[in-house]
Amino acid sequence: MESAWDAVKALASGFATTFSHLFRKPITEEYPEYKRPLPARSRARIILTRDPDGGERCVACYLCSAVCPVNCISMEAAERGDGRRHAAWFRIHFGRCIYCGLCEEACPTAAIQLTPDYELCKRSILDLVYEKEDLLVDHQGKDPEYNFYKYAGVATGVADKGEHINEEEPVNIRSNIT
Ligand code: SF4
Ligand code: SF4
């Protein structure tokens, strides 16, 4: 049977724990005064990046739109005189986006990227519809070196056949005959 002394000891031990917490530094982080830095791989607001030459990376291939499970990406493709494709307009409805990152995985040009910026709260749902001018940034995001047109075999003035990165010289078919 528990004695009165045991009860006092249990009570004292409980108070000792409470008392020890009185002198600890609080660990509460007061948002929004303090914004915890998030890892670069965090998935929140989406941007459209540029290649190191400053050109738009997006070639309007529709892959991100096709893979998006909630159909919140739409665009219209256009082509410049030199054959380089781009999006005439590009739209993301952040009210529907679930930040799954599949669009970034599917993108062949590293154009579309998710960022750690999670502060997307708006009073009106329509304010969460971002147009191309809201999405396009002036930097390369997570992939500072990648330049799709220096790998792709499209003659857009960036490089000639055989001059793209990792590309072999064109084969002279006549030399194969002899
Ligand atoms: S993160 Fe997912 S839901 Fe959001 S736009 Fe990309 S594919 Fe769609
Ligand atoms: S963002 Fe990427 S996947 Fe989407 S249309 Fe542009 S190039 Fe294609």
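Author: Helices (H or I, at least four residues) and strands (E, at least two) are DSSP runs, numbered from the N terminus. The model is predicted: local features need pLDDT of at least 70 and side-chain atom pairs count only at pLDDT 80 or more, whereas totals for chains, interfaces and linings use all residues. Residues are numbered from 1 along each chain as its sequence is written, while chains are lettered from A and ligands numbered from 1 in the order in which they are written.

Reader: How many helices and strands does the protein chain have?

Author: The protein chain has 5 helices and 5 strands. Read from the N terminus, their order is α-β-α-β-β-α-β-β-α-α.

Reader: In which sense do S2 and S3 pair?

Author: Two strands pair if DSSP finds at least two bridges between them. Here S2 (73-79) and S3 (residues 85-93) are antiparallel, with 7 bridges. Ala 78 has His 86 in S3 as its bridge partner. The hairpin of S2 and S3 has 5 residues between the strands, and Gly 83 there has a positive phi near 90°. S3 also pairs with S5 (residues 129-130), again in the antiparallel sense, over 2 bridges. In that pairing, Ile 92 is bridged to Tyr 130 of S5.

Reader: Which residues other than glycine have a positive phi?

Author: Among them are Tyr 62, with phi near 75°, and Asn 71, with phi near 55°. Tyr 62 belongs to the loop between S1 and helix H2 (63-67), and Asn 71 to the loop between H2 and S2.

Reader: Is Asn 71 buried or exposed?

Author: The term rests on a count of other C-beta atoms, placed from the backbone, within 10 Å of the residue's own: 20 or more is buried, 12 or fewer exposed, and in between partly exposed. Asn 71 counts as exposed because it has 10 C-beta neighbours inside 10 Å. Tyr 62 has 15 other C-beta atoms within 10 Å and is therefore partly exposed. Glu 133, in helix H4 (residues 132-135), has 9 such neighbours and so counts as exposed. The C-alpha atoms of Glu 133 and Trp 89 are separated by 8.7 Å, although the two residues are 44 residues apart along the chain. Over the protein chain, buried residues are 15% of the 178 residues.

Reader: Where is a cis peptide bond found?

Author: The bond between Tyr 31 and Pro 32 is cis, with omega about 10°. Pro 32 is in the loop between helix H1 (4-22) and strand S1 (46-48).

Reader: Which residues surround ligand 2?

Author: A residue is near a molecule if its C-beta atom, placed from the backbone, lies within 6 Å of it. Around ligand 2 the residues include Cys 58, Cys 61, Tyr 62, Cys 64 and Cys 107. For the classes, Ala, Val, Leu, Ile, Met, Phe, Trp, Tyr, Cys and Pro count as nonpolar, Asp, Glu, Lys and Arg as charged, and the others, Gly among them, as polar. The shell of ligand 2 has 11 nonpolar residues, 1 polar and no charged. Around ligand 1 there are 14 residues, of which Cys 68, Cys 97, Cys 100, Leu 102 and Cys 103 come nearest. That shell has 13 nonpolar residues, 1 polar and no charged.

Reader: What radius of gyration does the protein chain have?

Author: This radius is taken over C-alpha atoms, and the globule rule is 2.2 Å times the number of residues to the power 0.38. The protein chain has 27 Å, whereas a compact globule of 178 residues would have a value near 16 Å. Along the principal axes, its C-alpha atoms fill a box of roughly 105 × 50 × 30 Å.
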